[in-house]
Amino acid sequence: MSTTHPATTTPAPTGALNLSRTTATAARVLRQLRHDPRTIALMLLIPCLMLLLLRYVFDGSPRTFDNIGASLLGIFPLITMFLVTSIATLRERTSGTLERLLAMPLGKGDLIAGYALAFGALAIVQSALATGLAVWFLGLDVTGSPWLLLLVALLDALLGTALGLFVSAFAASEFQAVQFMPAVIFPQLLLCGLFTARENMHPVLEAVSDALPMSYAVDGMNEVLRHTDMTAAFVRDALIVAGCALLVLGLGAATLRRRTA
């Protein structure tokens, strides 16, 4: 008597994250970036060059650099990671790479977490370089710990990564991805409190700024600039930036879907 064995099928990915699939995705993205030195240079060097330029723009007024340098230390990584991540992810969408990956036993959460992990690793290097340059070479005078500056800069870079992953779903070309910058980044830049205190703005604009994550990134940097110890306000600001990054990553995962049957 013969026994019929059921055919084995590849299990569909579950909603839970799988560590091996996530790290494999991150390793693939890093291997691709390794062959793109211009992108790596953009991510790692541009924030440092901008801080260097800013320091000598205010060469005759070092206190001005101290007042705004910490804020820009968080803003520059956010902007560069947004640009690089949105364009790199869009390339994979338009080339069909994401389509093929989604046809494999790879969950959306694994895919988005893998991208975040890969770009997050570069964000750590980027934030460390920019913070080290500003504090130990350019003489940025901060009252608190430089490690707290590094923490906020890293959270900002991760937020930029999350925003880039999210907006790439709505662009059909790299040019359109860049066009999202005025809509997503510029309003936050104007309303974050960099140019004037948020409480001095029109009440409507102040209310809008309270809903924008970059506002809390700047507030967190200013807390480090003015206080020797970690304050409750700093913890609140850091948690809000981290929470916004996680929320946008979740929205980014929701935009990942197959475009063909």
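**Cysteines, core and surface patch**

The structure holds zero disulfides, a disulfide being a pair of cysteine sulfur atoms within 2.5 Å. The model is predicted: local features need pLDDT of at least 70, side-chain atom pairs count only at pLDDT 80 or more, and totals for chains, interfaces and linings use all residues. Residues are numbered from 1 along each chain as its sequence is written, and side-chain values use heavy atoms, without hydrogens or water.

C192 is buried, at 0% relative accessible area. C244 is partly exposed, at 22%. Buried means under 20% relative accessible area, exposed over 50%, and partly exposed in between (1.4 Å probe, protein chains only).

The largest nonpolar core has 65 residues. Such a core is a set of buried Ala, Val, Leu, Ile, Met, Phe, Trp, Tyr and Cys residues joined through side-chain atoms within 4.5 Å. I75, F119, L149 and I185 touch the most other members. Elements giving two or more residues to this core include α3 (62–95), α5 (108–137) and α6 (146–167). Helices are DSSP runs (H or I, at least four residues), numbered from the N terminus. Beyond its neighbours within four places in sequence, I185 is in contact (heavy atoms within 4.5 Å) with L78, I79, F82, F180 and M214.

On the surface, L45, L49, M50, L52, L53, Y56, V57 and F137 form a nonpolar patch. Their accessible area together is about 790 Å², from the Shrake-Rupley method with a 1.4 Å probe. Patch residues have over 30% relative accessible area and no salt bridge, and nonpolar side chains are joined within 5 Å. A salt bridge places a side-chain nitrogen of Lys or Arg within 4 Å of a carboxyl oxygen of Asp or Glu. Helix α2 supplies the largest share, seven residues. L45 lies in α2 and is partly exposed, at 47% relative accessibility.

Notes. Patches are made of residues with over 30% relative accessible area and no salt bridge: like charges are joined within 9 Å, nonpolar side chains (Val, Leu, Ile, Met, Phe, Trp, Tyr) within 5 Å.
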